[in-house]
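Have a look at the sequence and the structure below. After that, we'll walk through the chains one by one and then see where they meet.

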Amino acid sequence: MSRIQSRFQGWGLVAPALLWTTAFFVVPFVVMAAMSFASLEGRTLVWGFSFENYARLLEKAYLWRAIIVSLEITLTVTAVSVLLAYPLAWIIAFRVPQRWQRLALLLAILPFWTSYVVRSYAWLLVLAREGVVNQTMLALGLISDPITLANTRFATITGFVHFFVMLLTLTIYANLIQLPPNYRRAAMDLGANAFQTFRHVILPLTLPGIVTGAFLTFVLCIGDYVTPQILGGNTELTVPQVIMVQLGRRADFPLASALAIVLMGIVALAYLTSSRWLRLDRI
Amino acid sequence: MMTGRNLISVAVLAASGGAALAEGELNALVWCDHTDPALIEPFEAAHDVKVNLREYEGTGAALALLEQSRPGDWDVLVVDGIDVFRAVEAGVLAPLPEGAAPTGDFFPQVVMAENNTVDGVTYAVTEKFGYNTISYNADKVDPADMEDLTSVWADKYKGRISIYDYYLPVMGLAAMSEGIDTAAIGEGDLEQIGGVLSTMRANAASVAGVVAAQTALATGEVDIVVGGGEWLTAVLASEQPELTWTIPKQGAVRWAQSIGVVEGANNPDLAAEFIKYITGPEGQARLATSSCFWGMPANAKAGDVLTDAQKDILRWDQQPDYLALSQLYPAPDADLDIEMQDLWLDTLQQ
């Protein structure tokens with residue numbers, strides 16, 4: 001086969017993915033970026049090159065507050081999810097007999113099988129004043145009156161963590177089972193105790209799995225609209241919620257696009273920060 | 001050369017698969033109350049057609065969708081009564097065919113020619129209305145307190161209130177509590193209205209959309225929904241009769257939805273027939289009691305079709321008083337709209 005034929009064949013194989021990415025990522029992104037520099041005059045969209053929408057991000061307290069709220073929630077969810085998922089993945093990988101591991105993983109991801117929206121509303125009922133959590137604490141005498149759990153940041157974080165622990169468990173488990181058991185044995189042979197083995201051998205080797213899962217959690221969480229909308233009770237607004245408000249009645253696509261670009265910038269920053277450890281092949 | 005907007009259109013059409021264009025089909029962009037089969041099926045059977053419905057939330061979203069569609073994709077549009085002029089301005093509504101919706105039997109206050117007519121041309125007709133007022137659990141709060149807006153969001157009910165998540169009616173209620181007419185709201189009133197919103201917000205457990213507000217009231221998470229009304233509690237009435245609504249002494253905000261034919265509709269005659277059906281007594285009764293949300297029919301003749309129980313829930317006999325006490329949604333111009341929305345979002349983020 002000639003070199004030219006080979007090159008055409010190569011492009012032919014790549015073309016479908018290239019076209020797909022161009023049509024459904026590159027073009028929409030370019031349109032969105034261009035839109036973020038447009039403006040609304042009255043209710044008319046005017047194309048142009050204005051930084052007005054980005055300036056509004058600095059001027060309007062609720063806009064930059066939304067960015068801070070989104071970051072606070074996302075970082076908390078990511079940290080809590082990692083702390084919960086790691087031991088779970090560890091137990092499944094090293095404590096559960098191999099023949100039961102598939103079943104254990106299946107049980108761990110079982111909540112994925114229900115609708116995301118239904119699951120969020122279910123949490124709303126669980127955390128309600130008359131819900132299971134309050135009723136249990138009342139019955140145990142831990143509280144004398146129901147406490148407010150639903151429609152709070154706590155509820156939003158709980159809903160997110162429930163979802164992302166499953167995702168992180170999978171990525172960390174995939175990383176853990178790739179570790180040759182000899183590494184742990186060698187560390188023990190050299191006199192390391194269990195904690196030292198974990199701290200100096202296991203943790204550094206599983207860092208790519210943790211960071212990969214944490215990055216995915218960050219990306220999905222910061223762009224999510226459903227969970228804060230249902231569970232947060234609008235007691236504070238995240239960036240996706242503010243974007244929806246701009247679109248709903250006023251159709252302010254330029255400001256919504258600017259907000260979306262800022263979100264992408266934050267995600268890009270997260271990627272650059274974590275890229276050293278990111279190993280997508282470990283998923 | 002393909003422009004950015006064309007590209008968006010192509011992407012939207014590709015994603016949606018494009019709306020059907022068949023002769024025997026009607027494509028309607030609607031609110032969720034029109035998706036009840038009990039409303040649509042009789043029309044489909046009578047005309048041997050299929051009605052394709054697409055729900056939307058927010059006039060902005062509807063106008064963007066229409067702008068990105070091909071001419072003829074849509075036949076009928078249901079739109080917020082105060083936004084008919086926006087739809088006309090955007091060129092998406094066609095003049096209503098003569099006789100498509102006679103309003104002779106309508107409640108006079110909801111004909112609202114000033115909303116549905118632009119430059120002497122009628123583009124839409126009111127099909128349903130109701131009130132953004134106070135919904136509450138009669139077993140948990142003192143009904144007498146619900147007759148005064150200022151006591152509704154007083155400290156007594158701190159943490160037991162949910163606010164309906166739409167700035168126009170809630171700011172309308174806030175204005176009315178301060179003695180400001182909704183039609184007269186101006187930039188100079190926003191500070192005063194903002195003060196009321198802050199009080200409301202400080203005592204509220206949540207700011208909720210339709211489903212979340214219903215869930216909160218039904219599960220006892222809150223006992224009061226500011227901005228609620230018959231549209232919120234009527235569907236729950238049979239199972240939880242303690243969930244009810246009232247119009248306080250300061251009044252309530254009146255919402256109204258209109259229906260019209262889309263400019264360039266593929267089936268304008270069928271669209272006109274659909275509007276005739278929806279605004280006729282039978283269609284009106286079915287629309288008023290839709291499984292998504294209830295509301296008052298614009299056509300008073302629907303009273304001949306509704307059952308007594310249904311009329312009780314809608315407070316049919318009290319409508320003359322309610323209509324007199326209520327004021328229309330605030331209808332701000334574009335600049336004031338931005339100010340009002342900013343104030344609302346600022347309050348939510350407090």
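## A tour of two chains

Chain A has twelve helices and two strands; here helices (H or I, at least four residues) and strands (E, at least two) are DSSP runs, numbered from the N terminus. Before going on, keep in mind that this is a predicted model, where local features need pLDDT of at least 70, side-chain atom pairs count only at pLDDT 80 or more, and totals for chains, interfaces and linings use all residues. Residues are numbered from 1 along each chain as its sequence is written, while chains are lettered from A and ligands numbered from 1 in the order in which they are written.

Starting at the N terminus, the elements of chain A go α-β-β-α-α-α-α-α-α-α-α-α-α-α. Chain B, for its part, has 15 helices and 13 strands. Its radius of gyration is 20 Å, close to the 20 Å that the globule rule gives for 350 residues, so chain B is as compact as a globular protein of that length. (The radius is taken over C-alpha atoms, and the rule is 2.2 Å times the number of residues to the power 0.38.) What about chain A? A compact globule of 283 residues would come out near 19 Å, but chain A has 24 Å.

Here are the spans of the C-alpha traces along their principal axes:

| Chain | Span |
|---|---|
| Chain A | about 80 × 70 × 35 Å |
| Chain B | about 60 × 50 × 40 Å |

Now for burial. A residue is buried if 20 or more other C-beta atoms lie within 10 Å of its own, exposed if 12 or fewer, and partly exposed in between, with C-beta atoms placed from the backbone. In chain A, 33% of the 283 residues are buried; in chain B, 51% of the 350 residues count as buried.

Two residues have a positive phi of about 60 degrees without being glycines: Asn151(A) and Arg315(B). Asn151(A) sits in the loop between α6 (132–139) and α7 (153–176) of chain A, and it is buried, because 27 other C-beta atoms lie within 10 Å. Arg315(B) belongs to the loop between α13 (308–314) and α14 (319–325) of chain B; with 18 other C-beta atoms within 10 Å, Arg315(B) is partly exposed.

### Inside chain B

Chain B is split into domain 1 (4–129 + 255–318) and domain 2 (130–254 + 327–348), with bounds that come from an automatic or database domain assignment. Their centres, taken over C-alpha atoms, are 26 Å apart. Eleven residues of domain 1 are in contact with twelve of domain 2, contact meaning that C-beta atoms, placed from the backbone, lie within 7 Å. On the domain 1 side, β11 (252–261) and α13 of chain B are the elements that give two or more residues.

The largest nonpolar core has 165 residues, and those with the most contacts inside it include Leu29(B), Met171(B) and Val262(B). Such a core is a set of buried Ala, Val, Leu, Ile, Met, Phe, Trp, Tyr and Cys residues joined through C-beta atoms within 7 Å. Among the residues that Val262(B) touches, not counting those up to four places away in sequence, are Leu66(B), Trp74(B) and Val92(B).

### Where the chains meet

How many residues of chain A are in contact with chain B? There are 31, and they meet 31 residues of chain B. In chain A, α1 (3–36), α3 (61–95), α5 (116–127) and α11 (239–248) each supply at least two residues of that side.

Note on methods
Two residues are in contact if their C-beta atoms, placed from the backbone, lie within 7 Å.
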